Amino acid sequence: MDKNINSTEKKKVIFSGIQPSGNLTIGNYIGAVRNWIDLQNEYYCYFCVVDLHAITVRQVPADLRKRTKEVLAIYLAAGIDPEKNVMFVQSHVPAHAELAWVLNCYTMFGELSRMTQFKDKSRLHSDNINAGLFTYPVLMAADILLYQTDLVPTGQDQKQHIELARDIANRFNAVYSPTFVEPQPYIPKTTAKIMSLSDPTKKMSKSDFGGGSVGILDSRDDIIRKIKRAVTDSGSEVCYGEGKDGINNLLNIYTAFSGKTPEEAEKEFAGVGYGVFKEAVGETVADSLKEIQEKFKMYMDDKDFLDGLMEKNAEIAYSNARKTLSKVYRKVGFYHP
Ligand code: TRP
């Protein structure tokens, strides 16, 4: 295993993470995890399960614990190689919380007030607008900056947070001396955003407990049933078009899972009704997820392996993170004999 960050040829660093705040959806798979597989050879990658972020919204403790393991097992089952990447749980590496505190003092109230995700989430959780929700992007900046990350693969919705991380890095570097790499967002051009099945104008979300999202771990029957019930327009032609958000989304899901082009997909379903099309989409998704689900089960059944992997990787992450953290502590003037 070569996870020594100082090894001869220096690879660019990638950091990404998913919150264990709900069951991972096919949107997380297509939009994130599946793309990571292509990155693991070219880059030095950290793939994190960001549990500290998850508690900005109230979680059921037992569920959070269970999902944390599940997310890691999904990473593995999807093909992220534990020998090549640093896969770990955020709360296992105290440097994230430590750096976040320091960076809080280099982030402006006004900047955080402008974050659109904060505004959206405050609306959604108006009974619990806690300080963690407000400083969430600072913790995310800490995740990224701790590892001298060059590129952050995420969805479009996280771009503003990555820009903030850049601004914080810049500010710190300017006040002291170069300390942090300025990270860039890395948004895959080809991947379509997977939308909710119940409201195809909204992103599919793992905290949607209605029928709007398909879980990576959903049973075959559930997958097919949910896709059959997907909201579509009143037309009958299976093709991309304006005002056909539901069908556009199902076509995107179909092409993402079948590997076919949009043109091929339209041709394949020319002249058939929505019902037949939905059935085919459901079956394609269920067939494609079968292998991941089997591997997932295998990893979940091997508790010792998963626990060992978490521990080993947290150590690697911490030993890399500590270098940045001690630089920061020295620069701001903390006395450490
Ligand atoms: N905020 C990200 C999301 O909800 C998750 C996240 C936390 C993250 N820390 C990160 C993503 C660091 C990339 C890098 O999608």
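Reader: A cavity here is a set of points on a 1 Å grid over the protein atoms alone where a 1.4 Å probe fits but cannot get out. Which residues line the largest cavity?

Author: The model is predicted: local features need pLDDT of at least 70 and side-chain atom pairs pLDDT 80 or more, while totals for chains, interfaces and linings use all residues. Numbering starts from 1 along each chain as its sequence is written, and side-chain values use heavy atoms, without hydrogens or water. The lining of the largest cavity (residues with an atom within 4 Å of a point) consists of Met115, Gln117, Phe118, Lys121, Leu133, Tyr136, Pro137 and His161.

Reader: Which elements give two or more residues to that lining?

Author: Helix 6 (116-124) and helix 7 do. A helix is a DSSP run of H or I of at least four residues, and a strand a run of E of at least two, numbered from the N terminus.

Reader: What volume does the largest cavity have?

Author: About 50 Å³, counted as the space filled by probe spheres set on the points.

Reader: How many cavities of 30 Å³ or more are there in the whole structure?

Author: The search finds 2.

Reader: Moving on to helix 7. At what angle does it pack on helix 4?

Author: Helix 4 (residues 95-104) and helix 7 (residues 131-146) pack at about 120 degrees, axes 8 Å apart. Axes are lines fitted to C-alpha atoms over the stretch in contact, and angles run from 0 to 180 degrees between N-to-C directions. The two helices are therefore oblique to each other, the class left over once under 35 degrees is roughly parallel, over 145 roughly antiparallel and 65 to 115 roughly perpendicular.

Reader: Which residues of helix 4 meet helix 7?

Author: Ala95, His96, Leu99, Ala100, Leu103 and Asn104 (contact means heavy atoms within 4.5 Å). Among their partners in helix 7 are Thr135, Val138 and Leu146. By class, the contact has 10 nonpolar, 3 polar and 1 charged residues.

Reader: And how do the axes of helix 4 and helix 13 cross?

Author: They cross at roughly 25 degrees and come within 10 Å, helix 13 being residues 303-332. That makes helix 4 roughly parallel to helix 13. Helix 4 uses Ala95, Glu98, Leu99 and Val102 there.

Reader: Last one. Where is Gln148?

Author: Gln148 sits in the loop between helix 7 and strand 4 (151-153). Its phi is near 55 degrees, a positive value in a residue other than glycine.

How values were computed:
Nonpolar A, V, L, I, M, F, W, Y, C, P; charged D, E, K, R; others polar. 1 Å grid on protein atoms, 1.4 Å probe; cavity = no way out; pocket = protein on both sides within 12 Å on 5 of 7 lines; lining within 4 Å.
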